[in-house]
Every structure is written in structure tokens, then in C-alpha cells.
Amino acid sequence: MLARTDKSAAAALLSRYSQLILIKSKIYANSETDSEDLHQEGFMSLLKAINAYDQSKGAKFSTFAEVCIVNRMRTIAARSGKVSSNSESIDDETAADVLSVEETPESIYLYKEFFTEMLKCIDTELSETEAKVFHLCMQGEPYRKVAEKLGISEKSVDNAMQRARKKIRALYKKRDEN
């Protein structure tokens, strides 16, 4: 898949799925903060899906990506013990229709430009260890394997990912303020 090696292609996929991620984050959240966290997790899940997708398995990428995104959001929501209060207002059919919405060349270009810039910003904001951990985790590596590859403890991997998430969240909020 081209998006694994081409940041521009990855940005195009992030753009394409941004509305779906937004809607799904609202479905599984029960407060604005939770929605923002799930939104961020949705993008991280999409990045993992890009790296983990195997066309030979017979599934469409859109199906695979949505399953990855939804499963991650459900897991996060279940861990926090929260049930969505918005699930009645936005249904899965509406969310699925988002992918078929006609996009203009201008909107595609702007989203692609935005996500390419966000990926660059993420790389510049993270420390060397955080960046290595983030990219390995986004490739689908479990914490144990990341720890082995980098010669650090699993707890250090978890701490690095928590710091990376916090920095990414701050970047995302800064973008929303501008």
C-alpha cells in the first residue's frame, strides 16, 4: 500500500476518513473531552490500519480501517466505563454514508495539506524516543516488541506513548484554536 511509504498518500487517507472518525468519536464518547480523545485515537488507529492492511486477506481497506477505528474506540470507552450518550443521535448508517460523500478537489487538497503538515509537526514535537515508539506502535507493534527493539522497558514504551499522545493532542487543539 502506497500510504505506508508516502506521507502524501497517508495524508490523503487521513483526510478521506476524518469525517468518519469524527462521527464515530461522538458515538462512543459522552463528553467533549472524551470525544476529542477518541478522535485522536481514531486517527492513530487509522495510521495503524494503513500499516497493517493486507490486501491478500480479501477485505476492502475501508472495511478494515473502520473496524480498526471502531474497535479501538470501543476498547477505550469500555476501559473508562463510559457509555455514549450521543449514540442515539448519530447512527452507524449515517457514519457509513460519510465515506460516500462527494468531496471537492479543493477540500481534498486542503485536507491533504493539513494532514501532511500535522504529520511533520508530530515528528518535530516528539523526542527521539517518543518518535521511535510512536512510529513502531503505529506500525502495529505491541509494546513488548517495541521495548525489545529499542532496549527499554514496556513501562518506558507506555510512558513515551502517553507523552506522545499528550503532545499530539496539544498540536490538535492548537490547530483548532487557529
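## Basis of the description

The model is predicted, with local features requiring pLDDT of at least 70 and side-chain atom pairs counted only at pLDDT 80 or more, whereas totals for chains, interfaces and linings use all residues. Residues are numbered from 1 along each chain as its sequence is written, and side-chain values use heavy atoms, with hydrogens and water left out.

## Helices H6 and H7

Helix H6 spans residues 128–138 and helix H7 residues 143–150; their axes come within 10 Å and cross at roughly 135°. Helices here are DSSP runs (H or I, at least four residues) numbered from the N terminus, and axes are lines fitted to C-alpha atoms over the stretch in contact, with angles from 0 to 180 degrees between N-to-C directions. H6 is therefore oblique to H7, a class left for angles that are not under 35 degrees (roughly parallel), over 145 (roughly antiparallel) or 65 to 115 (roughly perpendicular). The crossing of H6 and H7 is right-handed, that is, the near helix is turned clockwise from the far one by less than a right angle.

On the H6 side, the contact (heavy atoms within 4.5 Å) is made by Lys132, Val133, Leu136 and Cys137. H7 contributes Tyr143, Val146, Lys149 and Leu150. Six of these residues are nonpolar, none is polar and two are charged. In this scheme Ala, Val, Leu, Ile, Met, Phe, Trp, Tyr, Cys and Pro count as nonpolar, Asp, Glu, Lys and Arg as charged, and the others, Gly among them, as polar.

## The largest cavity

There are two cavities of 30 Å³ or more. A cavity is a set of points, on a 1 Å grid over the protein atoms alone, where a 1.4 Å probe fits but cannot get out; lining residues have an atom within 4 Å of a point. A volume is the space filled by probe spheres set on the points.

The largest cavity has a volume of about 190 Å³. Of its 13 lining residues, Phe43, Phe115, Met118, Ile122 and Ile168 are the closest to its centre. Helices H2 (32–52), H5 (105–125) and H8 (154–177) each supply at least two lining residues, and H5 gives the most, with five. The lining comprises twelve nonpolar residues, one polar and no charged.

## The second largest cavity

The second largest cavity holds about 40 Å³ of space. Glu36, Gln40, Ile168, Arg169, Tyr172 and Lys173 line this cavity. H2 and H8 each supply at least two of the lining residues, with H8 giving the most, four. By class, this lining has two nonpolar, one polar and three charged residues.

Methods
1 Å grid on protein atoms, 1.4 Å probe; cavity = no way out; pocket = protein on both sides within 12 Å on 5 of 7 lines; lining within 4 Å.
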